[in-house]
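Work through the exercises below with the structure in view. Try each task before reading its solution.

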Amino acid sequence: MMMRQAVTHLICDCDGVLLDSESIALGVLHRELLPLLPAWPDADEAPSLQEQRSQVLHDAIANRLGMYTDVLLSEVDLEFELGLEAAQMERIHATVALACSEQAQPVPGIVEALQAIRLPRAVASNSDAPRIEAGLKRCGLYPQFAGRIYSGHDVAHPKPAPDVYLAAAAGFGVDPARCVAIDDSVTGVRAAVAAGMHVLGFTGVAHDRKAMARRLREAGAHQVFEDMKQFPQLICELIWLR
């Protein structure tokens, strides 16, 4: 078995790793899509049925976070037969982007963690570049990543394809095997694994941390953690990997 190389560069997903915005996106999407669910027979007479279908929709959205919003909407539309039209999808997409840009906060502990990690760093996200930049500026993180922001909208294929992670490594001029990627979604972990990077899965802002940890490991994450206080030590271990 081939030994892993020590890492020299850090590549971060944005939403759910740097910015605590996934819960915002989930809330907006659930609020927008719930009224569009086809009525269930006898739902008015059985409030529990209404609660059940609301939870099913919530979980379906949560399990797809990390995808392009348009792809997520298309899949949920197909699964639940919502009948979304192009104009509706465009409006919901814009609503999500605006809410995330205006309400996002730094993931708890990420500022301190990044201060303790000395590796060169980049962002690799499925969000579009203006949204990434707006969120990072709002949270005071933009100077750390300026000039090293890579969007899935600017490569041939978004996550779960490896393109955006490979673009970040190419921007540094380093072998992807020398990079450690941190991502909070199954989509992103699959992308980073496919790129040949060492992959840390983060569950600190997941709505169900235990379930997400299992899913990230199944997607190929080499290590999973839930507290940013652990992040610098994990990186330190990888830097000195022999």
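**Exercise 1.** In which loop is the place of Ser185? Then describe its surroundings.

*Solution.* The model is a predicted one, in which local features need pLDDT of at least 70, side-chain atom pairs count only at pLDDT 80 or more, and totals for chains, interfaces and linings use all residues. Residues are numbered from 1 along each chain as its sequence is written, and side-chain values use heavy atoms, with hydrogens and water left out.

Step 1. Ser185 lies in the loop between strand 6 (179-183) and helix 9 (186-194). Helices (H or I, at least four residues) and strands (E, at least two) are DSSP runs, numbered from the N terminus.

Step 2. Ser185 counts as buried because its relative accessibility is 4%; buried means under 20% relative accessible area, exposed over 50%, and partly exposed in between (1.4 Å probe, protein chains only).

Step 3. The Ser185 side chain reaches the backbone nitrogen of Gly188 at 2.9 Å.

Step 4. Leaving aside neighbours within four places in sequence, Ser185 is in contact (heavy atoms within 4.5 Å) with Leu65, Gly66 and Leu216.

**Exercise 2.** Is Ala124 buried or exposed? Locate it and list some of its contacts.

*Solution.* Step 1. Ala124 belongs to strand 4 (residues 121-125).

Step 2. Its relative accessible area is 0%, so Ala124 is buried.

Step 3. Beyond neighbours within four places in sequence, the contacts of Ala124 include Ile11, Asp13, Tyr150 and Lys159.

Step 4. Ala124 and Gly188 are 64 residues apart along the chain, and their C-alpha atoms are separated by 9.2 Å.

**Exercise 3.** Which strands pair with strand 6?

*Solution.* Step 1. Strand 1 (residues 9-12) pairs with strand 6 in the parallel sense over 4 bridges; pairing requires that DSSP finds at least two bridges between two strands. Leu10 stands opposite Val180 in strand 6.

Step 2. Strand 7 (residues 198-202) also pairs with strand 6 in the parallel sense, over 4 bridges. Here Ile182 has Leu200 as its bridge partner.

Step 3. From strand 6 the chain crosses through helix 9 to strand 7, in a right-handed β-α-β crossover. Right-handed means that, with the strands pointing away from the viewer, the path from the first strand over the helix to the second runs clockwise.

Step 4. In a regular strand, side chains alternate between the two faces of the sheet. Strand 6 is covered on both faces, with Cys179, Ala181 and Asp183 buried on one side and Val180 and Ile182 buried on the other.

Conventions. Polar contact = N/O pair within 3.5 Å; in protein donor to acceptor, adjacent residues only side chain to side chain.
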